[in-house]
Amino acid sequence: MINFRVKGKNLYLGFVDLEKAFDKVPREVIRWAMLKLGVEKWLVSAVMSMYTTVVRTVYGNSSGFDVKVGMQQGSALSPLLFVIVMEAI
């Protein structure tokens, strides 16, 4: 920062709090980001199909439904998908 002051140039900083970011990324943004960065459509479809959710109870499983926001916690793929979203943005 001192070098910018000496040279008379402006320095702009931005901070992003990514603590809760995994929970707030819309699924359609994940799809958009993968397509924008050139991921083949069949692979995008395969990844997005992993985001169908089923609830298990002692009485049986629910039918599958889509959750619209958030990445799967604990999934090995989630950090990569988050980086892809950040790169596309």
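Where is the place of I89? I found I89 in the segment after α4 (78–88); helices here are DSSP runs of H or I with at least four residues, strands are E runs of at least two, and both are numbered from the N terminus.

Before going on, I noted that this is a predicted model, where local features need pLDDT of at least 70 and side-chain atom pairs count only at pLDDT 80 or more, while totals for chains, interfaces and linings use all residues. Residues are numbered from 1 along each chain as its sequence is written, and side-chain values use heavy atoms, with hydrogens and water left out.

**Surface patch**

I looked up the exposure of I89 and got 70% relative accessibility, so I89 counts as exposed (buried is under 20% relative accessible area, exposed over 50%, partly exposed in between, with a 1.4 Å probe and protein chains only). I89 also sits in a nonpolar surface patch with V16, L18, W32 and M86, and together they have about 540 Å² of accessible area. Patch members have over 30% relative accessible area and no salt bridge; nonpolar side chains (Val, Leu, Ile, Met, Phe, Trp, Tyr) are joined within 5 Å, like charges within 9 Å. Areas are Shrake-Rupley with a 1.4 Å probe, and for residues only the protein chains shown count as cover.

**Salt bridge**

I got 1 salt bridge for the structure, meaning a Lys or Arg side-chain nitrogen within 4 Å of an Asp or Glu carboxyl oxygen. R31 pairs with E28, the closest N and O atoms being 3.3 Å apart. Both lie in helix α2, 3 residues apart, about one turn of the helix. R31 is partly exposed at 28% relative accessibility, whereas E28 is exposed at 52%.

**Pocket**

Next I checked the largest pocket, which has a volume of about 190 Å³. A pocket is an open set of points on a 1 Å grid over the protein atoms alone, where a 1.4 Å probe fits, with protein on both sides within 12 Å along at least five of seven lines; lining residues have an atom within 4 Å of a point. I saw R27, E28 and R31 in the lining, among others including D66 and K68. α2 (27–36) and α3 (41–49) each supply at least two lining residues.

**Loop**

Last, I placed G8 in the loop between α1 (2–7) and α2. G8 is exposed, at 64% relative accessible area.

Terms used:
Points joined across faces, edges and corners; volume = space filled by probe spheres on them.
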